[in-house]
Amino acid sequence: MKILLVDDETELTEPLSHVLSQEGYQVEIADNGTDGLNLAQQNIYDLMILDWMLPYQSGVEICKKIRSQGNLTPVLILTAKDTIDDRVLGLDAGADDYIVKPFQLRELLARVRALLRRSPNFEANPNGKLKIADLELDSENQIAYRHGRVISLSEKETQLLAYLMSHADQLLTHEQIYQHLWTEQEAPNSNVLAALIRLLRRKIEIEAESPLIHTVYGKGYRFGEQ
């Protein structure tokens with residue numbers, strides 16, 4: 001899961017990003033509203049954590065702008081404002097949740113987990129599996145199901161399929177997928193992703209089954225029924 005954290009208080013962002021990273025999340029940080037908005041518009045995130053008061057433009061303004069552009073990524077607003085009117089203003093701007101500073105990290109992590117379970121792009125059943133169209137993925141056990149057959153997956157195939165399914169109908173660029181699947185230290189060559197996609201297609205798309213992974217030539221891949 002990839003999180004955008006926008007806050008100009010380094011005494012908060014440093015420990016918070018450290019804790020989120022320890023929890024297994026990938027965290028990108030911006031310390032002002034302009035950079036935060038640019039990142040929000042240029043990249044795909046699973047959650048955005050936006051401070052209300054920021055240099056150049058506020059977290060609420062960022063939220064309004066991305067919502068007006070059709071971006072449904074869950075947004076958590078951080079703020080020292082604690083009146084009912086402030087909360088209503090933040091939620092009306094399109095925020096999904098609101099937490100008042102100072103807060104306990106344990107509470108924030110619980111809210112992060114809750115928001116990450118909300119996705120505009122995938123259906124999670126009570127067992128925490130992902131389901132798109134007639135394909136179901138059990139990430140924990142590295143198994144997928146389609147038309148009654150069980151599909152065994154490698155760890156990287158599972159990570160790739162989960163990422164595609166959780167961003168269904170969105171174009172994921174080659175760079176975004178590389179950043180999600182591999183660290184800078186691993187740095188695979190340019191053919192690795194194409195080979196992984198081929199292996200995954202052979203497993204989840206057989207015989208007369210409709211294709212789910214679509215190549216957007218020169219850009220990346222899109223997952224969905226068309």
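Rings of Phe, Tyr and Trp (for Trp, its six-membered ring) pair if their centres lie within 6.5 Å; planes under 30 degrees apart count as stacked, over 60 as edge-to-face and the rest as tilted. This is a predicted model in which local features need pLDDT of at least 70 and side-chain atom pairs count only at pLDDT 80 or more, while totals for chains, interfaces and linings use all residues. Residues are numbered from 1 along each chain as its sequence is written, and side-chain values use heavy atoms, with hydrogens and water left out.

**View 1. The aromatic pair of W52 and Y98.** The structure holds 2 aromatic pairs. One of them joins W52 and Y98 in an edge-to-face arrangement, with 6.3 Å centre to centre and 85° between the planes. Distant parts of the chain are linked here: W52 belongs to the loop between β3 and α3, Y98 to strand β5, and the two are 46 residues apart. Helix and strand names follow DSSP runs (helices: H or I, at least four residues; strands: E, at least two), numbered from the N terminus.

View 2. Strand β4 (residues 75-79) pairs with β5 in the parallel sense over 4 bridges, and L78 has I99 in β5 as its bridge partner.

View 3. Contact means heavy atoms within 4.5 Å; axes are lines fitted to C-alpha atoms, for helices over the stretch in contact, and angles run from 0 to 180 degrees between N-to-C directions.

**View 4. Where α2 meets α3.** The axes of helix α2 (residues 33-42) and helix α3 (residues 59-68) come within 10 Å and cross at roughly 25°. The two helices are therefore roughly parallel to each other (angles under 35 degrees count as roughly parallel, over 145 as roughly antiparallel, 65 to 115 as roughly perpendicular and the rest as oblique). G33, G36, L37 and A40 of α2 make the contact with I62, K65 and I66 of α3.

**View 5. Two backbone details.** Which peptide bond is cis, with omega near -10°? That is the bond from K101 to P102, and P102 is found in the loop between β5 and α5. Elsewhere, A133 has phi near 55°, a positive value in a residue other than glycine. A133 is placed in the loop between β7 (130-132) and β8 (135-138).

**View 6. The antiparallel sheet.** Here 3 strands form an open sheet in the order β11-β13-β12, with antiparallel pairing. β11 (171-173) and β12 (213-216) are the edge strands, each pairing on one side only. β12 and strand β13 (residues 220-223) pair over 4 bridges in the antiparallel sense, and T215 stands opposite Y221 in β13. Helix α6 (residues 155-165) lies across β11, β12 and β13, running at about 70° to β13.

Technical notes
Pairing = 2+ DSSP bridges.
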